[in-house]
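Hi everyone, thanks for coming. Let's take a friendly walk through a structure that may be new to you, so please have a look at it while I talk.

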Amino acid sequence: MDDSFRIRKGLYLLFLFSLSGVVCVSIRYSLPEEKKSGSLVANVLKDLKLGPGELSARRAQLVSKTNKQYFQLDTRSGNLLVNEKIDREALCGKMEPCLLLSEIVLQNPLRIYNVETEIKDVNDNSPEFSKNEFELAIPEHVPANTRFPLESAQDADLGENSVQNYTLSPNGNFRLDVQSNEFGSKYVDLVLEKPLDREKEAHLGLTLTAVDGGVPQRTGTVQININVLDINDNFPQFTQSEYKVKLKENSPHGTVVSKVEARDLDFGSNAEITYLFHRVPENIEYLFYLHQTTGEITVLGPIDYEKEASYHFDIKATDGGGLSGHCKVLVEIEDENDNAPEISVITVTSPLAEDSPLDTLVVLFSITDQDSGDNGKTSCSVEMNLPFLLKNTVNNYYQLVIQSPLDREKVPEYNITITATDRGSPRFISIRMISVEISDVNDNAPVFEKSKYEMQVWENNIPGLLMGSIHAVDLDVEQNAKLTYSLVPGNPSDVPVDSYVSINSETGNLYVLRSLDYEQIKEFQVRVRASDGGSPPLSSEVVVRVVILDENDNAPFFLYPLQNSTSPCNELIPKAVEAGYLVTKVVAVDGDSGQNSWLSYELLKATDPSLFSIGAQNGEIKTRRPLMERDTNKQRLIILVRDNGHPPQTSTATLNILRVDGFSDPYLNIASVSHEASEEDGSLTMYLVICLAAVSFVFLICIIMFVVIKMYKKESSFITALPQFPPALPEIPETGVDSQSGSLSRPYHYDVCLTGGSLSSEFRFLRPLIPVFSMGDPNVSENHRISSVSQETPEQMED
């Protein structure tokens, strides 16, 4: 039965090998028992056809099929070594051959080599009898050649090392007959050669010696005490010469196995039968109990099919007269599903890189079940919602490989539950939990908290001022999530970005490096890059818009009257003017913006404050009352312009107003003067509008006009009419003209008409044709506030 089962198992394994792509090769070695730990069994490199170092490179592992690891594999040298001293008798008992099964598992690619190590017996056990003395009761007048079976000696060794012969001490009545049974064991019978005579000798003492065949030879002895009885001529006879029964494993204590029965035709004490085990191994007496009177056999110890599938033993029935009969009992153990599948993990790849390719081996494990038949067939499964695929190889080895991409940021660790189930009834289930950590790779770029940042800073700031902070996050961990901030090179306003701002590479704080001027740059943008510490590093960029806020750091600047510190600005008015007469219009600008550039005018100081007024918003200077004879000919006005900033900035300008008299009517061409005056008034208004609308172009226009006026003055050296009043004004005391700075430089055009015989003359004042501005730099230093502006231009009088 065992042979047919092994044949079927071998065919089944051969069928699996043919279907699988994994190569399985069997290697067989032999080793004497009792070898010391570290003893060399063999070198597997040659048998596996592998080169030096290939075992280590392919992560070779030696997997034992038993509960103990009797061998160890040196992956460097390929030597198979004894790991623990082996006792063949304790390991296999009487089983022959005694094989230790193990497997060498190689990876990349997966190869499995079956290693069978046969443990050879050595003569390390002496024959032993169960007792030191045997008692035999033999009736007298027993015929010659009567056989009396004796209990055999037990030797744990096998083959030649087991019991090979028996010897009997010299005597005149008995000899020994040694025979072998169908199982190869030696049995000895005591044969009567000469009938006994109780009257001559009632007791005999013999010595039985058991000799094994080992080298050196070992022996065991027992004393046989023979009592000669009176005649009992009937032997007990069993109803069956052999009893065959089946018993389920794990049967409880006291379960009836079988009942033997022997009969004796004698009467009285010679018919009283006692049942005893005969010629049985020692373990039988621990597993089964034989009732001496009834012959009932019951279970005494644990019955385990996995340890032994069948038991055979002899029972002796002895009557009261000492005669015995014998029978054989064969107990076959039926397997029960009493062993759960065992999950043995060979390799676990943890931590597992999240960018591992598909089909990467994660877990390699095997499943074994010590039961037989369907009870030993197993199936395996894992959870379905995992990115892993379970693959069955051969010899109940399984691979768990990656079947879909991993993402540590979503799932940093997997707890894999492996479930193994057998096909017995009831089914046994084994569960093994395996934890696989997913290691991080740099697959996530930093992400800023905002898509765009805007920061504000006041102009005239302190260098090194903290403007704000930016922050980015990286879903990776450790070094891959360590961020470094830097500025992307660029040139806002044609100046390198690193000259404007700097950034803390660790915190993301942005600092302004220089004092900013709103009038030069109102805003700029910088790009900030956040790079992680991975390899290769990933980065992201964000735009930071820096807005400069205006401060009131620019004083108003007079366009008219222009203060250039050369000559005072003079305005001429007729002597007879009425209240509300427009003398001139003051024009000023402010480099700031918003309410900081809102200007208001006021008359700070005047020779006669009651004579003139100035418009707070438009800067128009008008007469408040008619001129009187007592009014001085020269009126000096100090005009203040103030912006609307906090604190406000101011500038002042000085304007001289000259009262003109002494021109007679016949010499004044009223029509011509009126026409030219109106044209000149229109020209002045147009130029003032142009100056206010295009402040950014004033500098260029002033240069061009300055050159034109200079050329014009050289060509106009010839004067068509006399006298020339304006040049003579500084020499007339009553005009009050001085050389105080702050006048607006511009030419004047006058027409003079004189009639013959007239005793009076009249002078008609006309507006200037073309204003000419100073070519000085109107820009103001960003670190100074302008309190006043001086302007200078020569005057020119024209007929």
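Before we start, one convention: two strands count as paired if DSSP finds at least two bridges between them. Strands themselves (E, at least two residues) and helices (H or I, at least four) are DSSP runs, numbered from the N terminus. Please also keep in mind that this is a predicted model, where local features need pLDDT of at least 70, side-chain atom pairs count only at pLDDT 80 or more, and totals for chains, interfaces and linings use all residues. Residues are numbered from 1 along each chain as its sequence is written, and side-chain values use heavy atoms, with hydrogens and water left out.

With that in hand, let's begin with strand E42, residues 569-574. Which strand does E42 run parallel to? The partner is strand E49, residues 650-660, and six bridges join the two. One place to look is Ile573, whose bridge partner in E49 is Arg659.

A salt bridge here is a side-chain nitrogen of Lys or Arg within 4 Å of a carboxyl oxygen of Asp or Glu. Lys575 makes one with Glu629, and their closest N and O atoms are 2.9 Å apart. This pair links distant parts of the chain: Lys575 sits in the loop between E42 and strand E43 (582-585), Glu629 in the loop between strand E47 (620-623) and strand E48 (634-643), 54 residues apart. Lys575 is partly exposed at 22% relative accessible area, whereas Glu629 is exposed at 62%.

Now, strand E29, residues 397-402. How many of the six residues of E29 are buried? Six of the six, so the strand is largely enclosed by the rest of the structure. In a regular strand the side chains alternate between the two faces of the sheet. In E29, Tyr397, Gln399 and Val401 point one way, Tyr398, Leu400 and Ile402 point the other way, and all are buried.

E29 has antiparallel neighbours. Strand E28 (residues 388-392) is joined to E29 by five bridges, with Leu390 opposite Leu400. E28 and E29 form a hairpin with four residues between them, and Asn395 in the turn has a positive phi of about 55°. Strand E26 (residues 361-368) also pairs with E29 in the antiparallel sense, over five bridges, and there Leu364 stands opposite Gln399.

While we're on E26, take a look at Ser366, which is found in this strand. Ser366 is buried at 3% relative accessible area. Taking contact as heavy atoms within 4.5 Å, and not counting residues up to four places away in sequence, Ser366 touches Glu342, Ile343, Ser344, Ile346, Asn396 and Tyr397.

E25 and E31 (residues 429-439) pair in the parallel sense over two bridges, and Ala353 has Ser439 as its bridge partner.

The other sheet also has four strands and mixed pairing, in the order E33-E40-E39-E36. Here the edge strands are E33 (452-458) and E36 (484-488). Within this sheet, E39 (residues 523-531) and E40 (residues 539-549) pair in the antiparallel sense over nine bridges, with Val528 opposite Val542.

Back to charges for a moment. How many salt bridges does a search of the whole structure find? The search finds 26. One of them joins the side chains of Arg408 and Asp440, at 3.1 Å from N to O. Arg408 is buried at 11% relative accessibility, and Asp440 is buried at 17%. Another brings Arg625 and Asp631 together at 3.0 Å, N to O, and both of these residues are buried. Elsewhere, salt bridges that share partners join Arg28, Glu116, Glu118 and Lys120 into one network.

My last stop is helix H7, residues 698-715, where Phe699 lies. Phe699 counts as partly exposed, at 42% relative accessibility.

Methods: Buried means under 20% relative accessible area, exposed over 50%, partly exposed in between (1.4 Å probe, protein chains only).
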